[in-house]
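Please go through the sequence and the structure shown here.

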Amino acid sequence: MKTLGRIILAVFTTTWIATAAFAAGPSYRIEVAGLACPFCAYGIEKELNAIGGVERVETNIGDGTVIVTMKDGAALDEATAKQAVKDAGFTLNGFTQAAQ
Amino acid sequence: MGMIKRRTMLKILGGMVSGVSVLAAAGWIAFVPSAKEPSYEFVKAWGGKGVRPGQFSDPTGIAIADGEVFVADSRNGRIQVFDLDGNFKRQFGRPGKEPGELGRPMNLTVRDGELYVPEYFNDRIQVFGLDGTLRRIIGGPGNGPGQFSAPGGLAVGKNGELYVADFYGQRVQELKPDGVFVRQWGTTGQTSHAVGSFHYPTDVTLDRTGSIYMADGYGNRIQVFDPDGTFLHKWGGPLARGIYGPFNGWFTTVTSIAFGSEGNLFAADFYNNRVQKFAPDGTFLTDFGGKGTGPGKFDHAIAVAVAADGSVFVADFLNNRIQKWRPN
């Protein structure tokens with residue numbers, strides 16, 4: 001009985017994780033020069049988070065990159081990303097869509 | 001003829017080299033002061049990256065009151081409290097937008113038993129009791145009077161008035177204790193290196209007389225105004241016009257300022273991985289730190305606070321730790 005319970009729990013957890021993973025939309029890698037200071041990195045995060053359809057923003061202050069993950073069905077275009085980075089006081093150095 | 005030409009050329013070249021050398025020496029003497037005091041001695045460090053008590057994810061602010069060290073653990077959305085030896089005591093806050101939650105807390109200030117927390121993401125200042133009880137909220141997002149666009153740090157005057165560095169607002173606002181706008185320095189949203197203007201201000205502090213010291217972050221300088229708001233002086237690099245560099249008295253992004261009990265000013269010099277100490281008139285006294293991950297090294301010094309006994313506490317940003325130093 002205990003084993004059956006564990007199997008059901010494992011199947012449920014796996015399904016839930018897979019659903020969550022597939023529910024996320026595309027991810028984009030944004031490169032920005034001079035991102036070491038949190039005053040700037042947080043500014044870029046804040047601007048990108050304000051864009052409609054953004055699910056998650058992860059900044060890597062060490063290497064000056066930002067990964068933007070969109071909600072399922074949403075997309076981010078380079079012009080919008082460029083404007084957000086500009087509003088934060090920086091210049092967009094690179095914009096690529098990450099492989100799904 | 002060829003020999004004479006060559007000699008003339010050599011003379012001109014020699015003259016130019018001498019001229020440049022003299023100019024460089026004069027510039028060095030004029031703009032790079034020597035230390036007037038011994039450096040500080042590293043005492044200890046604590047922290048490490050993580051989410052457990054005593055660990056940090058982007059420590060960005062620090063303040064000291066009643067023998068306790070308050071740290072803005074920014075990406076973890078909390079305030080952690082330690083004793084002066086780095087022993088964890090308590091924490092409060094979690095990431096979010098609701099009252100009591102924190103959206104990237106920055107430079108901290110304690111005044112009269114209250115902790116002032118500017119929030120970069122939520123564009124407000126939350127005021128807590130030192131036990132973590134939320135007392136009130138000041139401001140909200142925007143560029144209007146009394147609103148904020150990424151507040152980075154603040155000072156509190158003797159009557160509770162606030163002086164807030166509004167990072168993207170490019171201004172320092174003075175507010176009444178209840179948040180009502182009084183006046184501002186700088187033009188909203190406009191960067192400039194002119195006197196009284198800013199290039200991303202990060203922090204504010206007051207001296208004993210009420211003079212207002214403003215850290216002009218990417219302006220790489222500190223500007224000082226008297227209590228009436230009249231400009232007094234500024235420093236940071238040649239003519240304090242925004243030129244950055246690693247030399248004594250220069251900055252490469254000044255992110256936090258704090259007075260010590262003896263009346264001297266400490267400044268976190270972020271990209272130079274050090275803390276600089278100045279007399280109130282801007283005279284360079286000494287510095288400490290240097291780039292690295294070992295004891296007494298910083299991977300970007302972002303915030304500074306001074307205890308009553310003269311110990312200096314520094315938030316070591318990318319090393320995710322707090323360092324304690326003492327005078328030599």
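In what kind of contact do the side chains of Glu45(A) and Arg104(B) meet? They form a salt bridge, with N to O at 3.1 Å; the term stands for a side-chain nitrogen of Lys or Arg within 4 Å of a carboxyl oxygen of Asp or Glu. The model is predicted: local features need pLDDT of at least 70, side-chain atom pairs count only at pLDDT 80 or more, and totals for chains, interfaces and linings use all residues. Residues are numbered from 1 along each chain as its sequence is written, chains are lettered from A and ligands numbered from 1 in the order in which they are written, and side-chain values use heavy atoms, with hydrogens and water left out.

Arg104(B) sits in the loop between β5 (88–92) and β6 (109–111) of chain B, while Glu45(A) belongs to helix α2 of chain A, so this pair joins two chains. Helices (H or I, at least four residues) and strands (E, at least two) are DSSP runs, numbered from the N terminus. Both partners are buried: Glu45(A) has a relative accessible area of 2%, and Arg104(B) one of 10%. Buried means under 20% relative accessible area, exposed over 50%, and partly exposed in between (1.4 Å probe, protein chains only). The pair also belongs to a network of salt bridges that links Glu45(A), Asp58(B), Arg75(B) and Arg104(B).

The count of salt bridges between chain A and chain B is three. Helix α2 (residues 38–49) of chain A provides seven residues, the largest share of the side of chain A that touches chain B. By class, that side has eight nonpolar, four polar and three charged residues; Ala, Val, Leu, Ile, Met, Phe, Trp, Tyr, Cys and Pro count as nonpolar, Asp, Glu, Lys and Arg as charged, and the others, Gly among them, as polar.

In total, 15 residues from chain A and 25 residues from chain B take part in the contact, where contact means heavy atoms within 4.5 Å. The two chains bury about 1,500 Å² between them, 65% of it on carbon and sulfur atoms. Buried area is the accessible area (1.4 Å probe) that two parts lose on being put together, summed over both. Of the area that chain A buries against chain B, Phe39(A), Tyr42(A) and Lys46(A) supply 53%, more than any other three residues.

Over all chains, the whole structure has 25 salt bridges. One of them joins the side chains of Arg135(B) and Glu114(B), at 2.9 Å from N to O. Arg135(B) is in strand β9 (residues 134–138) and Glu114(B) in strand β7 (residues 114–119) of chain B, so distant parts of the chain, 21 residues apart, are linked. Glu114(B) is buried, at 12% relative accessible area, whereas Arg135(B) is partly exposed at 48%. Another salt bridge pairs Glu174(B) with Arg183(B), their closest N and O atoms being 2.5 Å apart. Here Glu174(B) is buried at 9%, and Arg183(B) is partly exposed at 23%.

Lys234(B) lies in strand β17 (residues 231–235) of chain B and is partly exposed, with a relative accessible area of 25%. Its side chain reaches the backbone oxygen of Leu239(B) at 2.8 Å. Not counting residues up to four places away in sequence, Lys234(B) touches Val195(B), Arg221(B), Ile222(B), Gln223(B), Leu239(B) and Ala240(B).

Terms used:
Polar contact = N/O pair within 3.5 Å; in protein donor to acceptor, adjacent residues only side chain to side chain.
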